[in-house]
Amino acid sequence: MILPGATIGVLGGGQLGRMFVTAARSMGYKTVVLDPDTNSPAGLIADTHICSGFEDENGLKQMAALCAAVTTEFENVPAASLRKLAESVIVAPSAESVEIAQHRGREKSYAQQAGLQTTAYANIVLADDIAAAIEITGFPSILKLSCLGYDGKGQAIVNSEQDVLAKFKEFGSLECVLEKMLDLKQEVSVILGRNAAGEVSVFPVAENVHVNGILHTSTVPANASGFITEKAQKQAMALAESMNYVGVLAVEFFITQDNKLIFNEMAPRPHNSSHYTLDATVTSQFEQQVRTLCGLTPGDGRLISPVVMVNLLGDLWPVDWAKVFAEKGLKLHLYGKEEARAGRKMGHYNVLSESVAQAKKIAEKVFNNIR
Ligand code: ADP
Ligand code: MG
């Protein structure tokens with residue numbers, strides 16, 4: 001067990017790293033952030049900011065010398081860097097787990113092996129693979145870059161073989177997956193924490209609404225049957241178990257019109273859709289990240305209040321904060337980013353209320369007031 005007073009580190013200095021640092025500090029740990037950006041949100045508040053690239057040998061060496069354990073805040077962290085660090089310090093999640101989550105085809109086949117259902121899909125490595133892929137998925141389908149896509153980027157809906165070829169070329173002829181497009185009723189996500197001893201704590205299921213491919217709101221409890229939410233939690237746990245996963249794992253699911261639960265993707269880190277845990281559960285996902293990294297028992301994920309989380313993108317800037325703080329049950333979280341660009345995640349708020357309906361009403365009212 002790594003206990004308060006020790007130093008723990010995170011690769012990546014974005015908002016997820018910042019909230020990890022905040023949790024770690026309040027639990028009594030010293031913190032190190034490695035990120036090339038001199039103004040990174042997490043670097044600004046860490047005890048030590050190592051300003052280097054993620055593959056920089058000196059930076060990694062310095063981090064290994066300072067830290068008892070290291071985690072990551074982003075999924076595209078180079079696996080080789082995690083391996084290098086793991087030679088001398090505790091690293092969670094492992095390079096192997098992160099490598100699975102980095103590739104859409106790999107994570108889907110892994111999920112299938114763990115007993116989860118995915119949409120029909122096929123990997124496209126070369127243009128020659130396209131015809132066979134279409135045989136599997138049919139149309140309409142979605143072409144997605146296998147690696148590095150996020151917030152709906154590197155994706156296109158396709159309706160013909162020519163479409164697929166054109167988009168594949170547009171994406172630089174890089175490896176892609178083709179997925180059958182599903183008729184979605186809802187999107188939900190589950191997050192869990194698992195430590196090296198295999199102790200697991202799962203959070204409640206969040207119901208997610210996206211706008212222009214970017215998460216807009218997460219609502220908890222989700223408006224879905226107990227049968228389906230329990231199934232989602234069990235499947236996320238089965239997946240974590242099958243990977244011998246250590247750390248915080250987020251799993252996104254689709255619920256189809258005919259109530260099937262379909263695995264979409266996973267993230268080997270805390271997730272935007274679980275920011276509600278900062279205010280509405282006994283333990284936050286970032287405390288869970290610290291706990292699982294340090295070999296502590298995962299904290300209680302129990303929901304204390306119905307909650308709606310709303311993302312604040314740069315499009316909204318400048319914001320009249322007085323209107324936001326006028327709501328007594330609203331908790332604002334800003335990430336310390338100087339420049340508000342369109343589509344950039346600048347912060348979020350959680351509205352806690354006696355019912356989901358009431359929380360939604362307040363969350364929407366505030367959002368409409370500031371946009
Ligand atoms: P990202 O990494 O950008 O989050 P996702 O694979 O989660 O990529 O896709 C983004 C969004 O696109 C999903 O949240 C969902 O709304 C929609 N989407 C993705 N795949 C499918 C699919 N097979 N069928 C229907 N909608 C999909
Ligand atoms: Mg997604």
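Colleague: Leaving aside its neighbours within four places in sequence, which residues is K180 in contact with?

Modeller: This is a predicted model, and the answer should be read as such. K180 has its place in strand 9, which covers residues 176–180. Contact requires heavy atoms within 4.5 Å. With neighbours within four places in sequence left aside, the residues in contact with K180 are T119, A120, T137, P140 and S141.

Colleague: What separates the C-alpha atoms of K180 and A122?

Modeller: The two residues are 58 residues apart along the chain.

Colleague: Is K180 buried, partly exposed or exposed?

Modeller: Buried means under 20% relative accessible area and exposed means over 50%, with partly exposed in between. The relative accessible area of K180 is 38%, so this residue is classed as partly exposed.

Colleague: Is N264 buried or exposed?

Modeller: N264 lies in strand 15, residues 261–267. Not counting residues up to four places away in sequence, N264 touches E107, K108, K144, E252, F253 and F254. Its relative accessibility is 6%, and therefore N264 counts as buried.

Colleague: How many of the 12 residues of helix 1 are buried?

Modeller: Helix 1 runs over residues 15–26 and reaches 17 Å from its first C-alpha to its last, close to the 16 Å expected. Its buried residues are Q15, L16, G17, R18, M19, F20, V21, A23 and A24. Helix 1 is thus mostly covered, and the number buried is 9.

Colleague: Which residue with a positive phi follows helix 1?

Modeller: The phi of this residue is near 95°. The residue that follows helix 1 is G28.

Colleague: What is the radius of gyration of the chain?

Modeller: The chain has 12 helices and 18 strands. For 371 residues the globule rule gives 21 Å, and the chain is close to this, so it is as compact as a globular protein of that length; its radius of gyration is 20 Å.

Colleague: What share of the contacts with a separation of 6 or more do residues 24 or more positions apart account for?

Modeller: Buried residues make up 55% of the chain. Among contacts with a separation of 6 or more, the share from residues 24 or more positions apart is 60%.

Colleague: How far apart do the centres of the positive and negative side chains lie?

Modeller: The chain carries 33 positive and 40 negative side chains. The distance between the centres of the two sets is 5 Å.

Technical notes: Residues numbered from 1 in each chain as written. Chains lettered and ligands numbered in written order. Predicted model: local features only at pLDDT ≥ 70, side-chain atom pairs only at ≥ 80, totals over all residues. Heavy atoms only, no water. Helix = DSSP H or I, 4+ residues; strand = E, 2+ residues; numbered from the N terminus. Rg over C-alpha atoms; globule rule 2.2 N^0.38 Å. Buried < 20%, exposed > 50% of the residue type's maximum accessible area, 1.4 Å probe, protein only. Lys, Arg positive; Asp, Glu negative; His and termini not counted. Charge placed at Lys NZ, Arg CZ, Asp CG, Glu CD. Expected span 1.5 Å × (residues − 1).
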